[in-house]
Amino acid sequence: MRADLVLTNGKIFTMNPSQPHAEAVAIKDGKIVQVGTNDDVNRWIGKDAKIIDLKGKTVVPGFIDTHIHVADFGTVLAWLDLSNVRSIQELQAALKARVQRTPRGKWVIGRGWDQNRFAEMRLPTRHDLDAFSADTPVILYHECGQICIVNSKALELAGLTKQTVVTGGDIDKNAETGDPTGVLRDAATSLVWKFVPMMTEDELVEAVSLAFEKIVKAGVTSVCWIVLSSMELPVIKKLHVQNRLPLRVYVVVPVDLLDSVLASTLPKQSADNALRIGGVMIFADGYLAARTAALFQSYKDCPDSSGKLLYTQEEMNALAVKICKANLQLVIHAVGDKAVDAALNTVEGTLKEACGKELRNRIEQAAVLNEELLQRMKNHKVIVSVQPCVVDSEFRVWSAAERLGPERVQWLYPIRKLISEGVKVSGGSDCPMEPLSPLLGIKAAVTREFFSEECVTVEDALRLYTIDAAYAIFEENIKGSIEKGKLADLTILSRDPWMVEPKEIGDIKVEMTIVGGRVVHT
Ligand SMILES: [Zn+2]
């Protein structure tokens, strides 16, 4: 038997404790057939084998992102990117070019501008946009996502005038005339957004393909696609049928789509390990930033509020049993300590009795914890899925410390405590809300600035995105490490993450991504 692809002269970190390092890998029919020294692998080289000389480059198991909104990411990629625009004039030029290639009647949607970067140092107005987009409705989101600028056509279609009032947001008005300037804030942004037509199925298929290109470029070989809308299911099916999945997809649907999934003809698990309908997500609560995460004690910066649970315990138990009986993974989004407690009540009680088999229940976020919750997660082998870049945002963007006060905040995302207690933790991006790159996530976990006692080692951070992520989706036997018999999913890096300064880990480049022995990015 001869290999069809061989990688030699590398610095290979296998994440397999019985053989942590290697120089070379041989691959046949999409699987790893040998791992070892150059000599060990030499005998696998036949005359038709493709040989890649790694020249000392670092190889790790292909990254697995256990929390990414692929459809949203694709949608955002299809929008006009204004993040590099340095003046209102440049913004106008970009808008003009986009309007020219936009079919009549379609909207132009953009994102990423920030007036602090503009030479003019002011907010744009609808008049700045109107000059280049008289008949095309335009909505351009600020970098923060909470503010947008729209043109006069968009205001007209949405019926916004100087008389419009909005609760929970603002419509900026001209000081003299009282007319809307086009700048909308918070809830006011949705007054226009709700008039923007949804993408068609075919448009979404193309947008997702664009997202996949970026995802494999980031070294990711498997994703947990967190579905948010019913429209995504036919898109997933189409991509699979048309053989357009360049990486492996584990689908997690919201619980209100459970019946549609059960009724659909989507394969539960495809033979080529490319697609698996894996999990169902229940939202137990909301988010800290919006003070909708359910806490036992009220928010420090808003004593009247402690968030609330979105289901009663009985409702959550019943849904969990239904998910379990459908042979799907229970995934509970729980941010506040009260929500984590409710999730654990479900796992500890009803679920075990009703399903009576080894379960790998997952809690997404599990942000606000305490010693008792941690021990319960450990005892019931609950997997915690975290997004290390989100941790950084909680402190930097929203000031979690103000939300929670000095005591509780010490228990916000205690990743190191979880790992040292033996709880399985997996890593994800939460892209497009946060950056896609697993290397940025690894860097965030290793160099955490707020409560740095929760920083983890490079090794542990890498586990979050490889072998432990594979465990979180029941696939540690076929991927997550570089071992004989496993799928040949590999990521080749420009530098060794153990050898660079921790703060430079995010700057390491992904030189090549291999999925099932196929080079999908170079
Ligand atoms: Zn998310």
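**Chat about a predicted model**

Me: Which residues does Leu 418 touch, leaving out those up to four places away in sequence?
Reply: In this predicted model, Leu 418 touches Leu 374, Val 384, Val 423 and Val 425.

Me: Where does Leu 418 sit?
Reply: Leu 418 lies in helix H15, residues 415-420.

Me: Is Leu 418 buried or exposed?
Reply: Leu 418 has 21 other C-beta atoms within 10 Å. The cut-off for buried is 20 or more, so Leu 418 counts as buried.

Me: And how far is Leu 418 from Glu 371?
Reply: Their C-alpha atoms are separated by 10.0 Å, and the two residues are 47 apart along the chain.

Me: New topic, the sheet. What is the order of its 4 strands?
Reply: The order is E5-E4-E1-E6, in an open sheet with mixed pairing.

Me: Which strands stand at the edges?
Reply: Strands E5 (31-36) and E6 (45-53) do. Each has a single partner strand, so one side of each is left without a neighbour in the sheet.

Me: How do E1 and E6 run, parallel or antiparallel?
Reply: E1 (residues 3-8) and E6 run parallel, joined by 5 bridges. Leu 5 stands opposite Lys 50 in E6.

Me: Now helix H11. How many residues does it have?
Reply: H11 (residues 337-355) has 19 residues. From first C-alpha to last it reaches 26 Å, close to the 27 Å expected at 1.5 Å a residue.

Me: Where does H11 bend?
Reply: At Val 347, by about 30°. Val 347 is also one of the buried residues in H11.

Me: What covers the buried residues of H11?
Reply: The cover includes helices H10 (313-325) and H12 (371-379), along with strands E18 (329-334) and E19 (362-365).

How values were computed: Residues are numbered from 1 along each chain as its sequence is written. This is a predicted model: local features need pLDDT of at least 70, side-chain atom pairs count only at pLDDT 80 or more; totals for chains, interfaces and linings use all residues. Two strands pair if DSSP finds at least two bridges between them. Helices (H or I, at least four residues) and strands (E, at least two) are DSSP runs, numbered from the N terminus. A residue is buried if 20 or more other C-beta atoms lie within 10 Å of its own, exposed if 12 or fewer, and partly exposed in between; C-beta atoms are placed from the backbone. Two residues are in contact if their C-beta atoms, placed from the backbone, lie within 7 Å. The expected span of a helix is 1.5 Å times one less than its number of residues. The bend at a residue is the angle between axes fitted to the seven residues ending there and the seven starting there.
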